[in-house]
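Got the sequence and the 3D view open? Let's take a walk through this one together, starting with the sheet and ending in the loops.

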Amino acid sequence: MKRRCYYMKQQVLQILKTKYPLIQAPMSWITNAQFVGAVANAGGLGVLGPNAGQTTITSDPGQTASLMQAEIQKLRQITTHSFGLNLLMPSTPEQDLNPYSAALLKMAFAERVKYFVTVGSYNRKVFEQIKQHNGIIIHRSEMISLANLRAAEEAGADILVATGIDAGGIFPRRAFGTFATLAEFKRCLHVPLLIAGGINTAKEAKAATDLGADGIYVGTRFIVTPESPASQAVKDLIVAADSDDLEFVFERERSLKTLAADRLNKLFNDPTNKVDLSQEVKRLGGVRPAMLLGKVEQGIIPVNTGVGSIVEEKPVSTLINELSAGLL
């Protein structure tokens, strides 16, 4: 088993062409060229997330793709290392990409982007398009199950990501612990498997690899870095927070306590509530008001359940060096 894990970890490095088997999660609104470039230059795979480098909302798929194209071109002035682009997938394998994702994919092919972090359902048609353009697929399913992971592998995913309920952001539709089913998944897959959810320190990174993970996929911890475009007010709140400061805003997302999060949590716990809370989060602007613009009380701040282990802001390079100690 140890020999196989070592081989798979090396395979991750060969696929990603990075120094470490570590991927920075493509968090909505709070990535940009500077941040992703810092991750890439420090040895991880940096990934541009939705609305990377932007502060205003666009309502045109073509404009969204053009803005992302400019961010990619800016990123290439910062690093010559591997980087990825997030592609939001449909919720079922039969659905087509939404117009925004379709425009991003077309632009990415024109820009010769190689690494795609697909989040949602696997989609054979989209995967085939990426492969036809010599792309690499890192797939993070929103419905974690052995059957879904196998199906994504068979459809062409090069690397899979299993996300536990400890994760920040919107977590999977099925509630598995970050480490609980890792060994089972590993036995039944033939491509590398990375793990996500609650990984903030070298100790958690080591626990993941000791249990068989071929690498780690990290979001929350990267927020508290000087390079992150997240607001300083949010970074300070994360450093001061512990797990008691988290509350559900809907069934698949938690937030640090804010006025907006408190209101959503009250509705979440009200058995008579008829409001679709996931849509209410979107109506409030998602993570943009608090996490990007610093209007803390007007929005939500989704972070992982291990937030208490984040006690200071660190440069991306320092953070990656520390996390990598648990991967070696």
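Predicted model: local features only at pLDDT ≥ 70, side-chain atom pairs only at ≥ 80, totals over all residues.

In general, strands of a sheet pair through backbone hydrogen bonds, and they can do so either parallel or antiparallel. Here you have an open sheet of eight strands with parallel pairing, in the order β1-β8-β7-β6-β5-β4-β3-β2. Which strands stand at the edges? They are β1 (22-24) and β2 (46-48), and each has a single partner strand, so one side of each is left without a neighbour in the sheet.

Let's zoom in on the β2 end. β2 and β3 pair in the parallel sense over three bridges, and in this pairing Leu48 stands opposite Leu85 in β3. Follow the chain and you'll see that β2, helix α3 (residues 61-76) and β3 make a right-handed β-α-β unit. From β3 the chain then crosses through helix α4 (residues 99-110) to β4, and this β-α-β crossover is right-handed as well.

β3 (residues 83-88) has a partner in β4 (residues 115-120) too: these two strands pair in the parallel sense over five bridges. How much of β3 is buried? Five of its six residues are, so to speak, tucked away, and the strand is mostly covered.

**Helices that cross**

| Helix pair | Axes come within | Crossing angle |
|---|---|---|
| α2 and α3 | 9 Å | roughly 40 degrees |
| α3 and α4 | 8 Å | roughly 40 degrees |

What do we call an angle like that? Angles under 35 degrees count as roughly parallel, and 65 to 115 as roughly perpendicular. α2 and α3 are therefore oblique to each other, and α3 and α4 are oblique to each other too. The crossing of α2 and α3 is right-handed, and so is the crossing of α3 and α4.

Which residues do the touching? Between α2 and α3, the contact is made by Ala33, Val36 and Gly37 on the α2 side and Glu71, Lys74 and Leu75 on the α3 side. For the other pair, Pro61, Thr64, Ala65, Met68, Gln69 and Ile72 in α3 meet Pro99, Tyr100, Ala103, Leu104 and Met107 in α4.

**A helix under cover**

Stay with α2 for a moment. Why can we say that it is largely enclosed by the rest of the structure? Because seven of its nine residues are buried. The buried ones are Ala33, Phe35, Val36, Gly37, Ala38, Val39 and Ala40. What covers them includes β1, β2, α3, β3, α9 (220-223) and α14.

Val296 has its place in the loop between α13 (288-292) and α14 (316-325). Is Val296 buried or exposed? Its relative accessibility is 13%, and buried means under 20%, so Val296 counts as buried. Leaving out residues up to four places away in sequence, Val296 touches Ala233, Val234, Leu237, Thr258, Ala290 and Ile301. There is also Ser231, 65 residues away along the chain, with its C-alpha atom 9.1 Å from that of Val296.

Most residues other than glycine have a negative phi. Arg112 is not a glycine, yet it has a positive phi of about 60 degrees. You'll find Arg112 in the loop between α4 and β4. With a relative accessible area of 73%, Arg112 is exposed.

Asn134 is another residue other than glycine with a positive phi, near 60 degrees. Asn134 sits in the loop between α5 (124-132) and β5 (136-141). Its relative accessible area is 59%, and Asn134 is exposed.

Terms used
Residues numbered from 1 in each chain as written. Heavy atoms only, no water. Pairing = 2+ DSSP bridges. Helix = DSSP H or I, 4+ residues; strand = E, 2+ residues; numbered from the N terminus. Buried < 20%, exposed > 50% of the residue type's maximum accessible area, 1.4 Å probe, protein only. Right-handed = clockwise from strand over helix to strand, strands pointing away. Axes fitted to C-alpha atoms, helices over the stretch in contact; angles between N-to-C directions. Parallel < 35°, antiparallel > 145°, perpendicular 65-115°, else oblique. Left-handed = near helix turned anticlockwise from the far one by under 90°. Contact = heavy atoms within 4.5 Å.
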